[in-house]
Amino acid sequence: MIAVAILAAGKGTRMKSTQPKVLHRIGDKTLVERVLGSVVGLNPQKRIVIVGYGAQQVRESLSHDGDLEFVEQREQLGTGHAVQQLMPVMAGFEGDLLVLNGDVPLLRPETLSKLLQTHQDHQNAATILTAQLPNPQGYGRVFCDAQNMLQQIVEDRDCTEAQRQNHRINAGVYCFRWPDLAQVLPQLRSDNDQNEYYLTDAVNHLAPIMAVDAADHREILGINDRKQLAMAADILQDRVKTHWMLAGVTLVQPDSITIEDTVHIEPDVVIEPQTHLRGSTTIGTGSKIGPGSLLENAQIGEQVTVLFSVIRDSAIASGSRIGPYAHLRGQAQIAENCRVGNFVEIKNSTLGARTNAAHLSYLGDAILGTQVNIGAGTITANYDGVKKHRTVIGDRTKTGSNSVLVAPLTLGCDVTVGAGSTVTKDVQDDALVVARAKQAVMPGWRMKSE
């Protein structure tokens with residue numbers, strides 16, 4: 001059996017925020033959510049979050065995860081003190097305990113799996129995660145024998161010059177055999193400069209102990225301030241973008257592009273500069289996105305082009321062209337081979353196949369059939385000041401420039417709307433509708449000058 005405890009009680013003073021440190025975000029997830037995500041593949045029987053500062057905020061932010069347990073550390077007296085709070089809820093547990101930090105969001109699932117597997121294969125009392133830092137100055141060094149059995153941990157200030165050549169440091173991530181740790185926890189003492197109880201002191205009372213190196217030392221980066229938060233975001237972006245480039249996606253100027261790790265992209269997609277992909281976005285083969293586009297929770301088919309546009313919570317079928325400067329939102333559904341062009345906004349509307357809205361239009365709460373052509377400046381007036389209303393436009397209907405369609409309204413198939421019309425009543429199939437004031441010309445009229 002496996003239990004996971006996440007240390008999430010600290011305030012994070014250097015973040016300069018009233019928000020608990022673990023609730024700051026990288027992409028669409030908080031730090032603690034990313035830590036929780038890293039252990040999903042381990043299938044732990046218990047997941048415990050140790051809370052302290054802002055405890056209620058942390059609980060509420062994780063309320064969607066019904067299987068979590070929370071333990072409160074009322075005073076923050078060190079990592080050992082935090083784990084001591086587990087004693088009541090872990091009574092009778094006979095398995096292994098994985099201890100993680102809620103402000104270390106970049107650990108890979110495969111790293112934790114390796115740590116746990118090594119721990120169990122060797123039946124260790126404890127196994128600690130370590131890393132080889134290029135510049136370990138300021139960190140305590142971990143010394144092991146040829147079999148990676150722990151020999152000692154020496155603080156940086158106590159190292160000899162020879163010991164400082166060792167670049168292996170303690171990452172602060174541990175796997176313990178819980179019954180062994182439970183016997184040691186009551187023995188921890190706070191007789192140190194900080195008057196705190198350290199979990200590393202527990203290691204001195206356990207045997208055997210092994211070390212496991214993280215493959216990438218950047219995985220163990222802890223977040224203490226906004227600069228480190230930005231560094232972690234950059235590392236995550238580098239991972240995600242490297243993954244997609246190796247999977248056959250072209251990123252033009254990758255440093256200018258951001259892609260959240262919830263996005264899925266098929267091979268032969270081209271992502272142009274200054275493009276940002278967020279949420280549950282998917283992009284089909286052969287599509288070209290950008291430059292200068294934002295996609296969030298967007299489903300994009302194959303061979304779609306999106307240029308200088310924003311698409312949120314909407315779906316674009318294969319072969320369609322979007323932009324420049326289009327805005328699709330609120331469950332807009334665009335069928336195959338459509339054209340949504342310059343300064344067109346579409347909200348909660350469906351466009352049938354081969355329908356075009358090329359310029360300067362607003363389509364809200366509308367259903368359009370196939371091969372509809374929306375003239376420049378066409379507006380669906382969907383709001384009466386109290387409620388939203390729907391506009392339905394049949395197949396092959398055409399609207400002239402500067403038309404206003406006042407909902408609720410149904411235009412049949414093969415209808416032509418004259419330019420400048422304000423249409424307020426339904427129109428049957430195969431009709432021309434012209435609804436505009438008669439033009440008045442007054443010869444010889446000129447504004448009088450004062």
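Modeller: Contact here means heavy atoms within 4.5 Å. This is a predicted model, where local features need pLDDT of at least 70 and side-chain atom pairs count only at pLDDT 80 or more, while totals for chains, interfaces and linings use all residues. Residues are numbered from 1 along each chain as its sequence is written, and side-chain values use heavy atoms, with hydrogens and water left out.

Biologist: What is the largest C-alpha distance between the residues UniProt lists for "binding site"?

Modeller: The unreviewed UniProt entry lists Asp 103 and Asn 224; such annotations may be inferred rather than shown by experiment, names are shortened and positions follow the numbering used here. They are spread over 122 residues of sequence but cluster in space, the largest C-alpha distance being 7.8 Å.

Biologist: Is Asp 103 buried or exposed?

Modeller: Asp 103 sits in the loop between strand S6 (96-101) and H4; helices (H or I, at least four residues) and strands (E, at least two) are DSSP runs numbered from the N terminus. Buried means under 20% relative accessible area, exposed over 50%, partly exposed in between (1.4 Å probe, protein chains only). Asp 103 has 15% relative accessibility, so it counts as buried.

Biologist: Which strands stand at the edges of the open sheet?

Modeller: The sheet has eleven strands with parallel pairing, and two strands pair if DSSP finds at least two bridges between them. Inside it, S28 (residues 356-359) and S31 (residues 373-374) run parallel, joined by two bridges. A strand with a single partner has one side left without a neighbour in the sheet, so the edge strands are S12 (250-251) and S39 (432-433).
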